[in-house]
Amino acid sequence: MTAPIAGKLRRSWRKPWPTIRSSGFVYKEFPILSTDSVFASKAALAAVRQGKYMAFHKALYAVKTRVTEAVVLKVAADVGLDVAKMKADMQRPDIQASIDRNTQLAQALKISGTPSFVIGEQIFPGATDLATMKKLIEQARNSK
């Protein structure tokens, strides 16, 4: 969630994002950097319960500093999340279970970093430019 490369990639795709999202883009919280990364992922999953996952996600990736617990809480408040509810929801067993499932999936797919993409039946680790992403999606669509 807090990987600098993933944030840079997301910002570079800002304008064409609707095209990519219509391809069936699915986010998986996969915190790998630090305890701050785990905190941010739990906060993102808790934001789902308030219907603000994407607003929180976009705002968090727009942060230009290190993403700490304090930064996560500020971003949450800035996007209109009920921070007390979010913090309570972050303790729910289903939030940790989601992260555990994502970690198990990443291990099964041999994904060790973010961002990573599964397009069709292929796995692409690391950032890629928009033109390459569109080409890979088109190839996957044509192979069905």
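Helix α5 (residues 69-78) buries V71, V72, L73, V75 and A76, where buried means under 20% relative accessible area with a 1.4 Å probe and protein chains only, and helices are DSSP runs of H or I with at least four residues, numbered from the N terminus. This is a predicted model, in which local features need pLDDT of at least 70 and side-chain atom pairs count only at pLDDT 80 or more, while totals for chains, interfaces and linings use all residues. Residues are numbered from 1 along each chain as its sequence is written, and side-chain values use heavy atoms, with hydrogens and water left out.

The buried residues of α5 pack against α3, α4 and α6 (83-89), contact meaning heavy atoms within 4.5 Å. Among these residues, V72 touches F39, A40, A43, F56, L60 and V67, leaving aside residues up to four places away in sequence. After α5 comes G80, which has a positive phi near 90 degrees.

Two of these partners also meet each other: the axes of α3 (residues 35-48) and α4 (residues 53-62), lines fitted to C-alpha atoms over the stretch in contact, come within 7 Å and cross at roughly 150 degrees. The two helices are therefore roughly antiparallel, a term for angles over 145 degrees. On the α3 side the contact is made by A40, A43, A44, A47 and V48, and on the α4 side by Y53, F56 and L60.

Note on methods: Axes are lines fitted to C-alpha atoms, for helices over the stretch in contact, and angles run from 0 to 180 degrees between N-to-C directions. Angles under 35 degrees count as roughly parallel, over 145 as roughly antiparallel, 65 to 115 as roughly perpendicular and the rest as oblique. Buried means under 20% relative accessible area, exposed over 50%, partly exposed in between (1.4 Å probe, protein chains only).
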